Amino acid sequence: MEKLKVLKEEQLFIYTLQENLKVEGVIFQKRKGQWYLVENQQRMLLKEEGIIWNQITFALYRLPSCWSVKKLQKHNVIGRDPTCSIVIEDETISSFHFQITNDHLEDLQSTNGTYCNDKRIRKQKLNALDHLWFGTKESYYLPGYLVLGVLQKQENVVFDKIPELPRLQVVSQTVKTVQQASFLLQSPQPLMPIPKGHWFQSMGSSLLILISGLVSAGVVWISSPQQSFSVVSLMINAISMGLAFGAFGLWNRKMTVREKKRENQALSDQYSLYCKRSQNEMERLQKVYQSAVLQWVEQYQLQLSNFQREAKRDYRLWIGYQKREWIQLQYRKPNYLQEQDRLFQQQETLIHSIKTYEDTPVFLEQGQQIHLPKVAFSWIESLFLEWLLVAYQAHRKWVWVDASMSKEHPFFNHEACIKDTKKLLIQTKEEWLNFIQDLDQSYEYTFMINEAFALESLPSEETCICFDAAGPMLRMADFCQPGDLFRKLMLLHQEKRWDQNQECKALFGQDIWHFSLDSCRQNRVNLKVCLGFEEKGTLLYLDLQESKQGPHGFLAGKTGSGKSEMLRNILLQLVVQNSPKLFQYILIDFKGGAFGQYFMHFPHCQGMLTNLEKDQMERFDQSLQAFLEKRQKILQQFNQEHPDQTAHIDVYNAYNIKDPLAHVFLIVDELAQLKQSFPDFLMKIKEIARIGRSLGVHCILSTQKPLGVMDDQIWANMDFKICMSVATTADSYEVLHSDHAYALKRPGDFILQDQQVHQRMGRAWYLQKEIYLHPNGYCEVDENGKIVQSYHQEKTTLFHFLSQQINKDESAKEWIIHPFDQSVFKPQQLALIDEPSIQRVREWTPQPGQCSCIYCTSYQKRKELIQSIVGWTTLPVYGLEIEEDGLDACLSEKEFGRIKSIRKSCIWLVDYTNLKQKDLDVLKNDNVILFLFLRTWDRRLKEWFLIRSDRICYDFSDIEDLREFFGCFIRADLNMRSHKGYIFRKQSLYPILFQKREGILKPKRKEKAYTLHHQNHVFRLGWDSKSHQEVFWSRKHPLLICYVQRSMAQTIADMLER
């Protein structure tokens, strides 16, 4: 967009340039892409530095393409001189143009002057977002910063670091809601009461003993007075025993009470300790909750810097805090008997001491209606800017219901506040009712309501923010000031482009805007990749050459650690840096093909196997073995031609620069799953790890849980190990012989260990983050510093961008593991034969005069084969005892003899079920391509098939019949997949695959061999050699048969009988 800058009488005016624009009596016209001033048949070229016409300065003005932020000191001089605080190299700016000291601007007698808010000034105090012009430069003033407009043609713009605005390394994610804590408080065990007991329980036994002893003494004294001495002894004994038992009872009572008190005290002490621990734990949870709230606010405010053209997440805005329960406390309430218990009272005291209400973020959800108290208008401005930054969607409109608001407010220049060129500002009740009645349902709305007349009829399904001072107790969010939000909005566009440019340059030495695949590649192989960066910011490289840190390596990491992303990073860099002639790879992806699908279609891919194709492992193994033997023979022959040189791939390539051998990488993702499914294949990996160094074959193995997967022989050949976060310390010790990998927590963190047992910690690149495809883009603002419109370009990911560049490489593939499925067919092919032992898939095409016997017991598979044959050929196709769609004709068994008399090429499909042995001789015809279908095996046909036909099996019921059909031994576990069979050739069985042609109509025939007539009551005599037509006898006239040789009599009789 080109504009005109006009300076007249120390005033600045901006006009949009258009054809025949008239300003101050001057007409502006465009000729050959340049603007001219035209007045009184005089014309002058309009330049950026400006021209003076009738004491008025006219200058061409282009909007800045980006903004550069300069940090201001206490005293700043701006000009062209190198000694200035801020140097701007522009001829329209004086050497010392102006100075800014403590928010005060002073023009230093500059030639072209300094303009503030469209007025030329000498001295003036600056306010936030003041619009400054000097020369051809445009800028905005912010406290502590000067935002300079930069034109697109100026490259390598340097950005000063802003302390309060950290650079975003990744695209921020949606901020998670602060979760309510939960705590289970255990109830105490009730204290048991301490009964002291009655005195008789302690003294009763002693009293009884005393009384019984005294009674016994009295009885003795009465019955035998002369034994007075015995009476005294009995009385003393009774008294002593009574006293002893009484003392013991009192002592036992006291000790029982003391023991009960001790038990209750122990229970009380234990619960007091538990309550103290619980209180400490709840206080810790409260601090964690408070910290989570603060962290949430910081992350949310940081997300304000993540401006995007249109939001991809739900409409959700933070508006403030509200007191809400931060913890869900679970405990058992006491019953009526336990309410007076001392421990339950202690529990209640603990519960009441915990403050269960904390400031919790409150959101404005889509379709929610919320009432807030009156707030300052700056807070409302910040809320709208917040929505622009984090939740902007083109289908949402903001409607302002405020009688005090002016339609000249900058918000009404934004498309979100305009509908059909009408500004969405409602100031009267009549306007409100009309707007609600004619509400366009194709948009979603947010209503900012500051008038009472709108509260009576709020839209039920739309988002409404009502400032009626009747809302709940809510503490408003402490947003940044509108000026700060605007500054972030301007900074972010170039910040993101700067960050993505640095990453692309670190990986490939060039930015994505000028990316060239050819400039990344050289005439020799480059196996050096950048894994990521260390904590200090230095880049961490890995060289996979044998002489460096290669050739074989191991990668471990649990789910979510970034292991697959690391593999993609390594493989993508190798693909970008090398042509298919220098670098190739084979993928073994036992995670369902999720990793390999990204790299399958690159020209460097020479084969792929997934756990969904387990039946292909045998041919995969054969092809891989054939490749290793082939490469060994090439190096052996090279060694014979150059006895003084080593049989090594690097030496070979040095002698064969024009036709080098490619370094081949075997990438295994999820080795543990491969070992579980095919334990014998680990022997092949061991062989490659052992002999692959000189052959140029590399192994990169990866797994989630390395413990117990690798054996000592494989570990001995692993030259480097990359360990990301693992699940247990045992896994870390298995790879690194230390527990350092277990301490890694963030996805992407890794530890690299090379041959010298050096461990270096780093963080991997993330190639899936969004990037801008073009460097152009800027934020357009008005004279008040408000956003008018933002311009951004399309986004993609770095991985997707590089994949598109790689797919432009049209190099032909030389398969090591040739795919064998429907994707490899060409339209004109009927079937393919797989020969993995020589790494070849060969086309199979039947020729005239050839008979192909197909043993197939399944009717459905036979129907599919017939569809493939009919869709493949342009010749007439006839069926004998076979009726299928697309055939030119279907004949019965009685018309079998017609095959022998055919003179032009055609195809016959014959069902052998009802044929006889003598009928096989009729099949001899050099013009017919014959397919003979067998549903059951007839042993009498063995000799005939061995001599005269290709034998194909697509389905069988008895393995013994199949062995006799092929005439060789066949494993009992032979698998017949859909559209895949076996053909017997050169005394061996080979897999054969027919092209699937379901729903394909038969191609248009150029010419038919002849017309087959089905006539009733006719007799076929033979073939007319001149007209090439069949001859019939309709029995309407007599038939005379003449013959010379008597031997023909029997032949004619047989013909008449048939």
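**A friendly first look at this model**

The structure holds 20 salt bridges, each being a side-chain nitrogen of Lys or Arg within 4 Å of a carboxyl oxygen of Asp or Glu. This is a predicted model, in which local features need pLDDT of at least 70, side-chain atom pairs count only at pLDDT 80 or more, and totals for chains, interfaces and linings use all residues. Residues are numbered from 1 along each chain as its sequence is written, and side-chain values use heavy atoms, with hydrogens and water left out.

**A salt bridge to look up**
- The side chains of K429 and E456 form a salt bridge (3.9 Å, N to O).
- K429 lies in helix α5 (residues 429-437) and E456 in the loop between β29 (444-449) and β30 (463-467), so the pair ties together parts 27 residues apart in sequence. Helices (H or I, at least four residues) and strands (E, at least two) are DSSP runs, numbered from the N terminus.

- Helix α8 (residues 563-577) and helix α15 (residues 798-807) pack at an angle of about 35°, with their axes 11 Å apart; axes are lines fitted to C-alpha atoms, for helices over the stretch in contact, and angles run from 0 to 180 degrees between N-to-C directions.
- R568, L572, V575 and V576 of α8 meet F799, L802 and I806 of α15, where contact means heavy atoms within 4.5 Å.

**Around H818**
- You will find H818 in the loop between α15 and β46 (831-835).
- Leaving aside residues up to four places away in sequence, H818 touches R619, V824 and V841.
- The C-alpha atoms of H818 and D834 are 8.8 Å apart, and the two residues are separated by 16 residues along the chain.
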